[in-house]
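Welcome, and thanks for taking a look at this one with us.

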Amino acid sequence: MSDEGRVRLGREHILLPVKVGFIATSLAAALLFNMMPWRDLRGVPDLLALVIVFWCVHQPRKMGTGLAWALGLVMDAANGTLIGQHAFAYALLAFGAQTLHRRILWFPLWQQALHVLVLLLASQALTLLVRLLAGGTFPGWWFFAGSLIAAALWPAATHVLLAPQRRPEIVDENRPI
Amino acid sequence: MDRQTPAFFHRGPAPIARVTFFAVLSTLLMVLDARFQYAEPLRQVLALAAYPIQQVAAAPVIAYGRLADFFASRSALQRENEALRAEQLRSAPALLALDALKAENEVLRETLAARTKLPQSSIFAEIVYAGRDPFSRKVIVDKGSQQGVQLGQPVIDARGVLGQITRVHPLLAEVTLVVDKDHPVPVQVVRNGLRGVVYGSGDGATLELRHMATNAEVEVGDVLVTSGIDGVYPRGLPVARVTSVERDAAAAFADIRCQPAAEVGSNRQVLVLTAGEAAPPPPAAEAPTRKAAKPKRARNVR
């Protein structure tokens with residue numbers, strides 16, 4: 001349709017209601033990415049954590065602590081890590097994101113990414129603490145590089161994951177959707 | 001008329017209550033897993049559920065590896081071929097002498113009425129990918145219980161001991177590498193027969209010979225081979241070479257660092273040894289309780 005037909009309202013853009021199927025698909029895709037084998041783990045972002053934060057911020061009533069916890073358990077079993085380690089981190093991540101969701105959305109995207117970075121780093125620090133208590137060794141500072149990259153992906157993730165909600169089904173020039 | 005909150009305002013327990021519940025639950029699971037190994041059944045069920053997803057995720061990577069092999073350049077193959085020829089030539093004298101030595105050894109052992117070694121058989125496997133846990137050193141190989149891989153079997157490469165099978169799935173198996181911090185290997189110094197236990201030092205590349213007295217006779221350059229005492233690793237496989245020995249009179253033990261003999265981190269082809277030496281029977285009183293407590297883990301990995 002013509003470009004004038006789209007009313008540009010910036011952040012005030014009214015979105016279509018989210019489809020639960022799309023949330024599930026995005027979580028499954030992120031889980032798939034997280035299970036991809038890598039020769040070297042340095043700097044590989046935890047996309048599942050990012051998508052969990054995204055839906056907790058944008059749809060706090062559909063995505064919550066319990067689902068994040070369950071996804072964390074699957075990650076633990078698949079990765080052979082301590083059972084409950086990812087689950088704990090993801091549950092706290094979801095809680096943090098839900099608590100901050102009203103605040104985060106007021107900011108422009110790159111400042112939102114800073115909020116997300118803090119959340120991701122906090123959850124990684126928790127994982128680190130748990131593993132050090134369980135007798136692990138510090139893997140090096142590169143351990144946190146994944147969070148930096150994941151936070152840098154936040155604007156891209158927002159564009160991709162909100163795309164289905166931005167598309168109007170019936171274009172009407174007088175309606176701001 | 002009773003007035004209740006309409007259902008669409010209902011949001012369940014407060015978020016802080018939920019997160020506390022899940023935090024306590026995860027902590028409980030972690031303690032059960034780390035200290036008592038009770039979480040293994042749950043792990044098995046979840047791993048089974050995650051298995052198809054893992055297969056789908058691994059498929060493109062494995063396919064890429066095969067494709068890369070297929071399109072390996074001619075010159076690279078020629079170079080590799082030459083290197084292998086040279087290697088074969090270098091090891092030829094030792095191999096030629098081996099048969100004679102074997103026969104001689106047989107006779108000597110019979111004379112000593114020693115227990116003869118069981119013949120070794122092995123499964124060829126390829127490393128598919130590295131484990132996704134940055135806190136431990138593990139790799140996944142492409143052979144599993146369907147190919148006869150079992151828990152606790154030693155894994156070697158062309159140079160020496162690589163590790164041990166610590167988890168078995170139907171088509172894949174997890175190998176804990178010798179450089180893992182929690183992976184002990186009983187070893188012997190070739191030069192003087194001194195026995196000890198070598199652990200990963202935690203940095204992922206070197207090993208540490210722990211609990212050796214400050215005046216222990218270990219020197220830089222000493223070769224450590226498996227002693228075969230644990231019944232897991234067959235005797236005489238190279239494990240590491242000592243790279244530094246620091247003796248501090250104030251400390252009870254010497255700080256001995258070693259370089260692993262196997263190419264940890266760069267190799268792709270490995271051998272899983274399936275029939276080791278018959279292990280001596282475990283002490284009668286202790287054996288049943290220990291087996292009941294941790295049935296799914298390999299013997300000498302904590």
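## Where the chains meet

In this predicted model, the contact draws 36 residues from chain A and 37 residues from chain B. On the side of chain B that touches chain A, three elements each supply at least two residues: helix H1 (15-36), helix H2 (40-70) and strand S1 (122-130).

## Chain A

Now to the partner chain. How many helices and strands does chain A have? There are 7 helices and 0 strands in chain A, and its elements, read from the N terminus on, run α-α-α-α-α-α-α.

Of the 177 residues in chain A, 40% are buried. Turning to contacts within chain A with a separation of 6 or more, 70% of them are accounted for by residues 24 or more positions apart.

## Domains of chain B

Back to chain B, this time for its domains. The domain assignment gives chain B a domain 1, covering 17-70, and a domain 2, covering 185-260. Taken over C-alpha atoms, the centres of domain 1 of chain B and domain 2 of chain B are separated by 34 Å.

Definitions and conventions. Residues are numbered from 1 along each chain as its sequence is written. Chains are lettered from A and ligands numbered from 1 in the order in which they are written. This is a predicted model: local features need pLDDT of at least 70, side-chain atom pairs count only at pLDDT 80 or more; totals for chains, interfaces and linings use all residues. Helices (H or I, at least four residues) and strands (E, at least two) are DSSP runs, numbered from the N terminus. A residue is buried if 20 or more other C-beta atoms lie within 10 Å of its own, exposed if 12 or fewer, and partly exposed in between; C-beta atoms are placed from the backbone. Two residues are in contact if their C-beta atoms, placed from the backbone, lie within 7 Å. Domain bounds come from an automatic or database domain assignment.
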